[in-house]
Amino acid sequence: MVSRLILQTLLLVFSASALIAQINAEEFASRRDVLAGELNDGVIIVKGNDQKTRNQDVDYKFRQGSDFYYLSGFNEAGATLLILPGEDKKFILFVKENNPRMAIWSGETYGVWGAMKIFKADTAFASDNFEEEVKKYLRGQKKVYLPFADAELFETVSNIITSPWGRYPKKIEDVTKYIAKLRLIKSNYEIEMIQKSIDITIKAHKEAMMAAKPGLFEYEIGALIEYVYQKNGSPRIGFPSIVGSGANSTILHYKANDQKMKDGDIVVMDIGAEYGMYSADVTRTIPVNGVFSEEQKQIYQIVLDAQKAGIELIKPGKGISEIYEASTDVIKDGLLELGLITDRESRWQSRVWFMHGVGHWLGLDVHDAGGRNGADKRGKLLEEGMVFTVEPGIYVAPNALENLKLLMTGRLSDKEIDEFIEEVKPAFEKYKNIGVRIEDDILVTKTGYRNLSKAAPRDIDAIEKWMAKPSEIVK
Ligand SMILES: [Mn+2]
């Protein structure tokens with residue numbers, strides 16, 4: 001009687017929060033099946049994130065480790081999973097036990113019961129018993145796979161398998177690349193989650209465009225963006241929002257967001273909400289006062305044309321480097337025309353103003369698992385179900401020319417650098433403090449691509465039109 005009551009209470013507690021995991025237990029099971037099929041034998045061990053302490057008894061907001069989440073759907077701290085490709089009962093979870101004393105402070109946790117019932121573990125144990133129990137699963141196996149980046153887990157498992165007692169696996173291999181290979185191709189469910197996080201991010205961009213005006217601080221736009229995220233069901237940012245105005249627009253991963261935005265400044269907003277653990281990553285660059293200056297327009301249009309030239313090529317079979325080349329070609333033409341470079345064929349000149357890659361995979365992590373390298377110089381070849389960003393930029397940083405000698409020491413002669421600076425100086429002065437990045441999230445389809453973030457105003461006219469609308473939130 002008592003136990004049934006507890007069970008009913010648990011069901012009530014879990015029914016709301018566990019809904020997503022319940023619905024998608026099959027999705028997570030199929031990922032484990034694919035990985036198990038790929039590796040065939042041995043033991044796969046992946047640990048989730050621990051709760052990190054901020055200070056005293058205050059914790060950082062918890063986010064699960066992406067590989068662990070990908071294979072389990074389990075969102076609590078201090079858990080570890082085992083997958084046993086060769087066994088019948090092949091999915092084992094170690095989770096924090098449901099502790100009534102802790103529940104008073106932090107609420108109920110799933111515990112061993114929830115791990116099996118909701119997350120479909122064949123067997124589950126309390127995390128405290130990990131070392132004891134994992135030995136049983138390692139015994140008699142030939143190989144153990146775990147992420148080598150997890151030094152603590154590596155040490156724990158190494159200590160067990162190097163023990164002279166017991167028939168433990170002699171081989172240990174990094175599992176990361178196998179999981180990355182799976183994560184690179186998104187399922188329909190994943191695409192749905194990514195689209196949702198992108199849709200929320202687009203709403204935030206539109207609100208920011210309406211609210212932006214001289215005199216606001218960058219963090220006010222940042223706060224508005226994150227308000228829109230949460231208002232629309234995103235539990236947190238996919239990565240810290242970049243809101244950089246004026247000279248800050250030229251800092252690639254600008255974090256401070258603490259400057260007052262001035263009339264005539266341009267502002268780069270590189271932002272992404274998280275939804276269902278998946279991140280968006282959409283960048284728009286807008287004029288603070290709502291109207292692009294002539295100089296801003298010129299730079300903007302080059303970046304936009306470069307982005308479109310890259311996106312247009314996207315289809316299965318194209319190499320990721322071919323996308324980059326197409327974008328970079330347009331950037332080089334534009335920079336030459338503006339007078340910011342003197343030699344289109346130079347290997348380094350355009351890198352002074354466009355110094356990053358053209359994009360990255362997108363998924364559970366904003367810079368998602370997968371890697372760029374392919375069989376040849378085309379880089380990794382695109383396949384249906386891949387999602388990645390295309391985000392060229394031009395950044396006329398106020399310190400770009402004075403830093404050039406420091407950056408190029410040993411690679412270029414002082415004379416070559418001085419000549420370059422002399423020639424591009426007028427254009428540099430003209431376009432100084434303009435940083436433009438435009439970033440969209442692209443799904444590779446069977447025959448081409450779908451721009452998942454195309455609803456965010458992007459053309460010059462479209463942005464100016466949005467910015468003319470009054471904000472209902474920031475008056
Ligand atoms: Mn990005």
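Student: Leaving aside neighbours within four places in sequence, which residues is K142 in contact with?

Tutor: Since this is a predicted model, what follows describes computed geometry. K142 is placed in the loop between α7 (130-138) and β7 (143-146), and with a relative accessible area of 65% it is exposed. Once the neighbours within four places in sequence are set aside, the contacts of K142 are with P169, K170 and K171.

Student: By what distance are the C-alpha atoms of K142 and P85 separated?

Tutor: These two residues lie 57 residues apart along the chain. The separation between the C-alpha atoms of K142 and P85 is 12 Å.

Student: How far apart in space are N188 and G385, C-alpha to C-alpha?

Tutor: N188 lies in helix α10 and is exposed, with a relative accessible area of 66%. Along the sequence, N188 and G385 are 197 residues apart, whereas the C-alpha to C-alpha distance in space is 8.3 Å.

Student: Helix α10 also meets α11; is their crossing right-handed or left-handed?

Tutor: The axes of α10 (residues 188-211) and α11 (residues 218-231) come within 8 Å and cross at roughly 145°. On the α10 side the meeting residues include I200, A204 and A208, and on the α11 side they include L224, I225 and V228. By class, this contact has nine nonpolar, one polar and two charged residues. The crossing of α10 and α11 is right-handed.

Student: With which side chain does the side chain of S453 make a polar contact?

Tutor: S453 lies in the loop between β19 (449-451) and α16 (460-467), and because its relative accessible area is 0%, S453 is buried. Not counting residues up to four places away in sequence, S453 touches I198, I202, V282, R284, D440 and D441. The polar contact of the S453 side chain, at 2.7 Å, is with the side chain of D440.

Student: Turning to the backbone, what is the phi of M277, and is this residue buried or exposed?

Tutor: M277 lies in the loop between β12 (273-275) and β13, and its phi is near 80°, a positive value in a residue other than glycine. The relative accessibility of M277 is 3%, and the cut-off for burial is under 20%, so M277 counts as buried.

Student: And how does K120 count in terms of accessibility?

Tutor: K120 lies in the loop between α6 (111-117) and β6 (123-126), and although K120 is not a glycine, it has a positive phi of about 60°. Its relative accessibility is 45%, which falls between the 20% and 50% cut-offs, and therefore K120 counts as partly exposed.

Note on methods:
Residues numbered from 1 in each chain as written. Predicted model: local features only at pLDDT ≥ 70, side-chain atom pairs only at ≥ 80, totals over all residues. Heavy atoms only, no water. Helix = DSSP H or I, 4+ residues; strand = E, 2+ residues; numbered from the N terminus. Buried < 20%, exposed > 50% of the residue type's maximum accessible area, 1.4 Å probe, protein only. Polar contact = N/O pair within 3.5 Å; in protein donor to acceptor, adjacent residues only side chain to side chain. Contact = heavy atoms within 4.5 Å. Axes fitted to C-alpha atoms, helices over the stretch in contact; angles between N-to-C directions. Left-handed = near helix turned anticlockwise from the far one by under 90°. Nonpolar A, V, L, I, M, F, W, Y, C, P; charged D, E, K, R; others polar.
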